[in-house]
Amino acid sequence: MATQQTQFTVLMRILHWLMAAMVLTMLGIGVAMVASLGDYHRLVSIHRPLGIAILILVVIRFVNRQFSTLPPFPATMSSQERFVAHASEVLLYTLLFVLPLVGWGMLSAARYPIVLYGPLHLPPILPHSVMLYAFLRKTHTVLAYLLFLAFIAHFGAILFHTLVVRDGLFSRMAPWRVRAR
Amino acid sequence: MPSDSTASAEKQPAALSRGSTLRRLVGIGVVILCVAGGFLYLGGWFSPNALTPARFVDAFERADGVYSGFRRNHAKGVGVSGYFESNGEGARLSKAVVFRPGRVAVIGRFSFGGGDPNVADAPTMVRGLGLLFWLPGGEEWRTAMINLPVFPFQTPQAFYDNLVASQPDPKTGKPDPDKMAAFAASHPATVRALGIIQSHAPSSGFDNTAFNSLNAFRFIDAAGKSIPVRWTLAPVQPFAAASTAATAQTDKNYMFDALIASILQHPLQWHLIITIGQPGDPTNDATVAWPDGREQVDVGTLTLDHIESEETSPARDINFDPLVLPSGMAPSDDPLLSARSAIYSQSFTRRAGEAKTPSAISPTEVRK
């Protein structure tokens, strides 16, 4: 048991922290741009390609996870806690996949061009329908707030385990290398 | 598993005192509140008086009312389609594919300014033309132009303040002249722009109207060189001044009807004229015209040969967002541009989800 894995793989940790930075930036841009006049265009121009980048990364991350061994939960976590932790991971993966897809879909339904950079753009994935756009636009907002709440819960749980329970939960995903003790 | 039990024994930290646990929990709570507060701050929750797209569209709704399914401004309109034939002259100004020689399909929408979709046609009202150019390779160019030679407002805030100042007084049903005067006194740029606007007599109909980009944009050529530009659609149809006599028109849609009759008779054409700004020409102030004598390039001809009611036209469900630009065109530093994009989007989102009500220019109106 000396080789017991204590951390997620290097690739998983890189993907986690890269996406954490991207998703937080994305949530900030999203909530700021809808309230902005002067910066609206600049923020939307970042929001679109960044969202698509997140969509691509979450697929890579999900596939990679299927082929990776995960470190065990600390012994301090009860089976209920493990269930909640697992469910929150499923929720986060789902939101990170569905939110950009809804964004792409709503732009398609509104018949906006889905410009990434310069002449580079994506094809529409839904037919032109403003009613569908209106529904997806609302959905996009609701899911974004849900993602923010899920992030807060995730962040709070990690802080609680690290500072109060002190069971080394954070070291599983720490960006630096933590050796098994 | 002896090694395992040793590991967990080693990991077991000394128990926290109750006070220490409490302090750490409070600390976590503060961190979480700061993150959530930062998020709400970015979303403008702590600046309830800041001008946002939603508050701007609210002002349009207060001024003109809400008409289900219609644009909050430029509500009355009709759909058109046709094509743009580039002569290739624009290719040296911008690498945008629309300027390569050849023909691209266009859809568009003629409109009157204001939020009332049933307003009676009048030559003094602002005329709009929104266009969407379908470019090869899937790019698009959208532009929303009006017939005014300059725009009356320098900033989004000035536009908003004017909307608020010119709101009808509930008692008189007319705007409060004191508020209007106060607005004019504090906005000399608007007064100057209105002077320019009033010196241009409106034409008799949509077909002989010149439409202007108003805002400056930037064109970027193949070498990456950027130049400031404005553009105008100059009608091929000869100018005729609108009748100044206050004749009561029995047909509320007489200007749209004239446009329909005209387009059914022969395709309507406009030259797309690009005006190139010189260093020092303001690009961030749509209230000011550029000096005469600037280089102008005729880059091609727009032909509109089909007209239909909004009820059947795809133009109804298009947002003519002036910042949907192909590669080779970019916004200038004019603060109105990003604001227009944001506000059009807000108006589009609101009307998208509403039940669509019949347009004043009905399918029968177009066929008669």
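Mentor: Of the 181 residues in chain A, 24% are buried. The model is a predicted one, so the values here are computed from predicted coordinates. Chain A has four helices and two strands, arranged along the sequence as α-α-α-β-β-α. Its C-alpha atoms occupy a box of roughly 55 × 30 × 30 Å along the principal axes. Among the contacts in chain A that join residues at least 6 apart in sequence, 69% link residues at least 24 apart.

Now the helices themselves. Two packed helices are described by the angle between their axes and the distance between the axes. For helix α2 (residues 40–66) of chain A and α3(A), the axes come within 9 Å and cross at roughly 145 degrees. The crossing of this pair, α2(A) and α3(A), is left-handed. On the α2(A) side the contact is made by Gly51(A), Ile52(A), Ile54(A), Leu55(A), Val58(A) and Phe62(A). From α3(A) come Tyr93(A), Leu96(A), Phe97(A), Pro100(A), Leu101(A) and Gly103(A). By class, the residues of this contact are 10 nonpolar and two polar, with no charged residue.

Helix α3 (residues 79–109) of chain A also packs against helix α4 (residues 130–165) of chain A, where the axes come within 9 Å and cross at roughly 155 degrees. Angles over 145 degrees count as roughly antiparallel, and α3(A) and α4(A) are therefore roughly antiparallel to each other. The crossing of α3(A) past α4(A) is left-handed. The residues of the contact between α3(A) and α4(A) comprise 17 nonpolar, six polar and one charged.

Next, the contact between the two chains. Chain A contributes 37 residues to it and chain B contributes 45. On the side of chain B that touches chain A, the elements giving two or more residues are α1 (2–11), α2 (18–42) and α8 (335–352) of chain B. Of these, α2(B) gives the most, with 10 residues. The residues on that side of chain B divide into 24 nonpolar, 14 polar and seven charged.

That leaves chain B as a whole. Chain B contains nine helices and 10 strands, and its C-alpha trace spans about 95 × 60 × 45 Å along the principal axes. The radius of gyration of chain B is 27 Å, whereas a compact globule of 368 residues would have one near 21 Å. In chain B, 41% of the 368 residues count as buried. Contacts between residues 24 or more positions apart make up 76% of those in chain B with a separation of 6 or more.

Val366(B) belongs to helix α9 (residues 363–367) of chain B. A residue counts as buried if 20 or more other C-beta atoms lie within 10 Å of its own; Val366(B) has 23 and is therefore buried. Leaving aside residues up to four places away in sequence, Val366(B) touches Ile260(B), Ile307(B), Glu308(B), Ser309(B) and Ile361(B). Between Val366(B) and Ile307(B) there are 59 residues of sequence separation, yet the C-alpha atoms are 7.4 Å apart in space.

Notes: Residues numbered from 1 in each chain as written. Chains lettered and ligands numbered in written order. Predicted model: local features only at pLDDT ≥ 70, side-chain atom pairs only at ≥ 80, totals over all residues. Contact = placed C-beta atoms within 7 Å. Nonpolar A, V, L, I, M, F, W, Y, C, P; charged D, E, K, R; others polar. Rg over C-alpha atoms; globule rule 2.2 N^0.38 Å. Buried ≥ 20, exposed ≤ 12 C-beta atoms within 10 Å, placed from the backbone. Axes fitted to C-alpha atoms, helices over the stretch in contact; angles between N-to-C directions. Parallel < 35°, antiparallel > 145°, perpendicular 65-115°, else oblique. Left-handed = near helix turned anticlockwise from the far one by under 90°.
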